Amino acid sequence: MILLKNIRKSFGENTVLKDITLEVQKGEVVVIIGPSGSGKSTVLRCINKLENVDSGEVYIDGQILSDKKSTIRNMRKSVGMVFQQFNLFPHLNVYENIAIGPINSLKMTKESTEKVVHDLLKKVGLEDKKYSYPTQLSGGQQQRIAIARALAMSPKAMLFDEPTSALDPELVGEVLSVMKTLAKEGMTMIVVTHEMNFAREVADRVIVMADGMIIEQGSPEEIFKSPKEARTQSFLRSVIEK
């Protein structure tokens with residue numbers, strides 16, 4: 001579903017990604033972990049063309065991701081992304097935030113959009129918030145609406161960039177619960193997170209990054225019970241001790 005081949009990315013003299021190659025199969029849940037500044041979020045932003053790679057290729061569902069605006073537009077219809085911050089439109093209510101993509105990009109009818117929004121609000125457990133505004137919602141509720149908005153485009157894959165990092169601890173569980181449901185339903189997902197329990201429970205494969213490189217990857221059991229790399233071992237110790 002998603003293939004990165006020899007991706008390199010620098011910001012000025014700072015090389016953030018060094019020859020990243022990563023393949024994600026349809027229906028696979030890949031969780032990327034590692035210390036801050038290791039390039040995890042930049043990988044997602046390169047997949048979604050929010051950052052242009054310096055070299056290497058990105059493929060989405062077998063199609064190379066070129067610089068054509070039409071290609072980027074079509075890719076963003078098929079790959080949803082949820083950010084650390086919720087990025088909801090403050091002047092639109094929940095229904096309007098979710099409906100704006102299907103109506104404007106997918107050209108769906110009002111009736112079809114109504115059903116999509118209803119079904120997604122039910123999925124994320126917020127049917128009663130249809131006409132609420134973002135400022136009337138908790139952080140966890142806003143993030144669940146952000147997930148619903150991304151799903152409204154019927155994506156083939158979802159990217160999550162530390163989706164719980166901006167939340168109070170008591171709100172993290174409600175967002176992770178929605179993500180677990182998506183994983184069980186077979187959604188292809190790449191998740192950057194510091195939630196190690198989520199990685200253990202949901203991931204098919206865990207990728208460990210450090211210094212702009214993939215230093216280790218394997219099943220959750222392999223990574224968390226018997227990591228091979230010293231850098232992985234020290235990172236996991238520091239996270240678990242917190």
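Predicted model: local features only at pLDDT ≥ 70, side-chain atom pairs only at ≥ 80, totals over all residues.

The sheet here is open and has six strands, in the order E6-E7-E8-E3-E9-E10, with mixed pairing. Its edge strands are E6, residues 79-82, and E10, residues 213-218, and each of these pairs on one side only. On average, neighbouring strands of the sheet are turned by 20 degrees against each other, direction ignored.

Strands of a sheet pair through backbone hydrogen bonds, either parallel or antiparallel. In this sheet, E3 and E8 pair in the parallel sense, over four bridges. Ile32, for instance, has Val192 in E8 as its bridge partner.

Two helices to mention on this sheet. H5 packs on the sheet and touches E6 and E7, with its direction at about 170 degrees to that of E6. H6 also packs on the sheet, touching E3, E7 and E8, and its direction makes about 145 degrees with that of E8.

Let me stay with H6. Helix H6 covers residues 169-184, and because 16 residues at 1.5 Å a residue should span 22 Å, the 24 Å between its end C-alpha atoms agrees. Which residues of H6 are buried? They are Leu171, Val172, Val175, Leu176, Val178, Met179, Leu182 and Ala183. These cover an arc of only 155 degrees around the axis, so they lie on the same side of H6. The face turned away from that buried side carries the exposed residues Glu170 and Lys184. The buried residues pack against several elements, including helix H4 (110-123) and helix H7 (196-202). After H6 comes Gly186, with a positive phi near 95 degrees.

Now the cores. The largest nonpolar core has 49 residues, and those touching the most other members are Ile33, Ile98, Ile147, Met158, Phe160, Met179 and Met189. H6 gives the largest share of this core, eight residues. Take Met158: leaving aside neighbours within four places in sequence, its contacts include Gly80, Val82, Ile147, Leu151 and Met189. There is also a second, separate core of 28 residues, with Ile2, Leu44, Ile60 and Met75 among them.

Last, the hairpin. Strand E1, residues 2-11, and strand E2, residues 14-24, pair in the antiparallel sense over seven bridges. Phe11 has Asn14 in E2 as its bridge partner. Two residues lie between the strands, and in this hairpin Gly12 takes a positive phi near 65 degrees.

That is what I have for today.

Note on methods: Residues numbered from 1 in each chain as written. Heavy atoms only, no water. Expected span 1.5 Å × (residues − 1). Buried < 20%, exposed > 50% of the residue type's maximum accessible area, 1.4 Å probe, protein only. Arc of directions from axis to C-beta. Contact = heavy atoms within 4.5 Å. Pairing = 2+ DSSP bridges. Core = buried A, V, L, I, M, F, W, Y, C linked by side-chain atoms within 4.5 Å. Axes fitted to C-alpha atoms, helices over the stretch in contact; angles between N-to-C directions.
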